[in-house]
Amino acid sequence: MVSLLMLMLVMWRTRSNHPNLKTHSSQCRRNAPVSIPHELYEPGDLIIGGIASQIFFHYNPMHFREQPSQMFIKEAIVETKHYQHILALVFAVKEINRNPNILPNITLGFHLYDSYYHAHMTFKATLDLLSSLHEHVPNYKCDDQNNLAAVIGGLGSETSIHMATILNIYKTPQLSYGSVLSRGNDKQLSSWYKMVPNDGHQYKGIVQLLVHFKWIWVGVFVMDDDNGEIFLQTLIPLFSQNDICFAFINRIQKLTYADGMIDLFLSKWETFPSLMESKVSVFVVNGAPPSMENLSLHLRFVDLNSPIGKVWIVTAHWDFVSKTYQREWDIQHFHGAISLTIHSNQPAGFRTFLQSVNTSWAKTDSFITDFWEQAFDCLLKESNESEDSKTTCTGKEKLENLPGPFFEMSMTGHSYNIYNAVFAISHALHIIFESSSKLRLEPQNLKAWQLNPFLRSISFNNSVGDAVRFDENGELIEEFDVTNWVTFPNNSFVRVKVGSLDPHAPTGKELKIQDENLVWHEWFTQVPPVSVCNDNCHPGYSKRKKEGEPFCCYDCVPCPHGKISDKKDMDGCIKCPEDQYPNKAQNECLPKSISFLTYAEPLGIIVVSFILSFSLTTVFVLIIFIKNHDTPMVKANNRSLTYILLISLLLCFLCSFLFIGQPGRGTCLLRQTSFGIVFSVALSSVLAKTITVVLAFMATKPGSRVRRWVGKRLANSIVISCSFIQAGLCTVWLISSPPFPYVDIKSFDDKMIVECNEGSAAMFYCVLGYMGFLAIVTFTVAFFARKLPDSFNEAKFITFSMLVFCSVWVPFVPTYYSIKGKSMVAVEIFSILSSSAGLLGCIFSPKCYIIVMRPELNNRHHLIPRKYQWK
């Protein structure tokens with residue numbers, strides 16, 4: 001607070017002591033108006049008028065107790081850097097007058113005033129340019145000393161619009177050298193030309209710059225005036241379209257009324273430090289002199305332990321401009337700032353011309369006195385008043401010794417625009433006088449409005465080779481420079497061009513920037529800096545909006561099961577293609593593996609081992625029975641049925657190979673149907689053997705009629721008929737809805753199951769159900785025949801084999817449909833092998849034991865019980 005009070009005291013003590021700046025109290029007289037205190041005039045055949053913006057005043061608001069024209073302003077502060085604008089115009093006019101190829105025999109003059117950043121003074125200066133010299137009488141021409149051809153000005157939109165309001169009445173060409181935001185009625189101002197591209201272009205360029213560096217959380221400083229509102233109206237939709245959010249919008253007040261300055265500082269004293277210390281890394285500034293002074297003042301008195309690095313992105317209005325009381329202020333806050341500056345170049349001889357400027361010019365140039373005193377912090381001898389704290393200027397001071405914020409020796413963008421404006425006017429005049437040479441048009445007879453059609457179509461290259469021409473809206477066709485501001489502890493700075501913005505380039509190619517050439521504030525640990533509301537959502541997470549916060553502020557939530565996010569800050573997670581699955585981190589999709597039961601994997605090897613073992617066992621049993629086919633044990637219970645049963649069991653074991661390997665069309669057709677038919681033959685054979693046993697003992701009763709049914713014919717009929725029914729079911733299945741290869745991509749996340757789709761579940765259940773029916777019938781018959789004489793009776797073994805069969809296939813159905821993939825195939829193979837092995841073991845192991853191990857029992861005497869032998 002003490003620093004603030006000291007600042008206010010310094011500002012009041014630095015009031016200009018120029019005699020012309022005192023308050024005037026003379027009565028209002030029409031023929032003796034208050035003169036404008038700053039003026040630079042050089043006569044010529046044709047005059048180029050100009051209104052600069054070099055002097056700024058802190059003044060109190062009008063209270064209408066005095067006549068406004070007499071209530072002149074007390075507090076004068078010079079924008080010393082803007083004195084180059086005046087010198088650029090003088091340099092350009094002198095260069096043209098020395099050039100014999102442009103306007104020969106015609107001398108250009110100039111007449112310059114200041115706008116004082118005030119509408120009243122701007123209107124007054126404009127009217128003075130249109131009036132006779134030093135006679136404030138518009139619409140009357142009392143002499144020919146002020147033959148005005150065109151007017152150059154102003155620096156900002158507000159000044160330019162005030163000038164255009166009057167100049168357009170007379171169709172006097174006006175060439176604005178500062179940024180001007182296009183308005184709806186610009187086309188009606190046909191005599192207004194802009195030496196810079198439209199401000200809307202650079203606003204779009206700022207958004208492209210933010211998008212380029214992925215800065216989406218941005219603080220904005222704007223002027224608290226119409227231009228600031230237009231800036232926001234332009235920027236808000238552009239931000240929304242590019243997913244950029246405003247962290248805050250801070251309006252910069254113009255330091256106009258001295259009485260309100262303390263209130264202004266107190267109102268923002270608490271809020272401004274919090275803005276600077278926020279996590280916002282990027283500030284966008286739309287400011288023009290003198291509104292930037294407010295921002296500098298706040299930064300000066302923000303109570304921070306150390307400078308907090310920010311990226312300042314500023315418009316072409318902005319420049320490092322220091323006032324007298326800001327001479328020692330640190331500009332390190334702005335180190336690494338990026339601006340879209342007006343394109344400039346360096347005409348030959350301009351630096352030499354600046355070196356020739358000295359205090360002797362004060363006799364004709366009323367601008368230089370205040371400039372010199374405030375730039376070098378001294379008093380000229382011509383001053384009528386003195387201050388103890390200031391020394392007298394020696395007159396040997398050099399402009400090149402001034403720091404950059406006070407004056408630059410290289411031509412700035414605004415000065416370059418003035419230079420081009422003078423040449424544009426001169427070339428247009430040259431064309432007019434060349435085209436009317438036969439009519440001998442005299443300069444004093446030229447009307448300013450006659451220049452407009454020639455200016456609209458003007459096209460030339462200036463002395464440094466840059467093209468100068470206007471588009472259909474009267475705006476210069478030019479690009480912006482992307483400038484990086486590098487500051488130093490001694491308050492000097494360097495402009496580094498790091499890119500360009502061409503508004504007329506194809507869409508998406510307007511901005512060109514060399515990231516590697518950018519210099520950032522040393523406070524940043526990461527370059528380029530990051531400016532986001534919260535940390536990025538990494539791959540594997542998606543954004544979820546925070547309630548009540550801008551859309552740039554969000555929470556990061558993990559992707560749901562089955563989805564991924566492979567980029568930062570994705571709005572939502574996405575599903576992988578059907579043939580891919582998310583990895584564990586859910587940040588990429590991996591190809592699904594193809595899964596089926598193979599011969600090479602452990603499970604496949606085990607299954608193949610069992611198949612071969614059971615098959616070889618069956619073959620071994622078959623060989624035993626063939627080699628002992630004439631023995632009573634083999635002949636008992638129909639030798640043919642035994643062979644059919646053994647062969648069908650062998651085929652059942654071998655059918656299991658159809659379930660191993662990648663399913664194809666052929667294997668899918670044969671899998672279930674071949675097993676169904678072969679196993680039905682085996683069950684039919686067992687049923688026939690059981691019925692044969694029952695009929696054989698029924699036929700032993702005296703007078704039994706069953707004797708005629710006993711024999712091979714009945715057994716063969718049972719096998720053929722029962723097998724034919726199953727074959728019929730399988731045929732209908734293959735014709736109506738045949739099985740086919742199918743890739744199951746949904747059952748597992750990380751693999752695709754290649755399997756056989758049964759085609760018709762109903763037919764599959766019919767085939768399976770028919771086998772179950774045969775097993776139940778066989779079991780029932782065998783159960784009732786289990787107590788027949790042991791030596792001839794296989795019923796008890798068949799009963800037990802059917803129990804094994806049912807214990808395998810009853811749980812098969814729920815298990816089969818509760819698992820997926822190769823496990824499901826393995827379960828079916830296990831069921832086939834188990835049930836077939838049960839039949840083989842239960843029926844043939846006792847017989848093989850007698851044939852191989854106890855051959856002495858393999859005779860008729862031991863096979864027929866004694867009571868039946870006696871009978």
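## A pair with a partly exposed arginine

Arginine 639, with a relative accessibility of 26%, counts as partly exposed, a class that lies between buried (under 20% relative accessible area) and exposed (over 50%), as computed with a 1.4 Å probe on protein chains only. Arginine 639 is joined to aspartate 630 by a salt bridge in which the closest N and O atoms are 3.5 Å apart; the term requires a side-chain nitrogen of Lys or Arg within 4 Å of a carboxyl oxygen of Asp or Glu.

## Basis of the model

The model is predicted, and local features need pLDDT of at least 70, while side-chain atom pairs count only at pLDDT 80 or more and totals for chains, interfaces and linings use all residues. Residues are numbered from 1 along each chain as its sequence is written, and side-chain values use heavy atoms, with hydrogens and water left out.

## The chain as a whole

The protein chain contains 24 helices and 29 strands, these being DSSP runs numbered from the N terminus (H or I over at least four residues for helices, E over at least two for strands). Of the 871 residues in the protein chain, 53% are buried.

Among contacts (heavy atoms within 4.5 Å) in the protein chain between residues at least 6 apart in sequence, 71% join residues at least 24 apart.

## Salt bridges between separate elements

Nine salt bridges are found when the whole structure is searched. In one of them, the side chains of glutamate 229 and arginine 251 meet at 3.1 Å, N to O. Because glutamate 229 lies in helix α6 (residues 226-241) and arginine 251 in strand β10 (residues 245-252), the pair ties together parts that are 22 residues apart in sequence. Glutamate 229 is partly exposed at 29% relative accessibility, and arginine 251 is also partly exposed, at 30%.

A further salt bridge links glutamate 601 with lysine 822, with 3.0 Å between the closest N and O atoms. Glutamate 601 belongs to the loop between β27 (593-595) and α14 (602-627), whereas lysine 822 lies in helix α22 (residues 822-853), so this pair ties together parts that are 221 residues apart in sequence. Glutamate 601 counts as buried, at 16% relative accessibility, while lysine 822 is partly exposed, with a relative accessible area of 23%.

## A linked network

Lys81, Glu408 and Arg495 are connected through a network of salt bridges.
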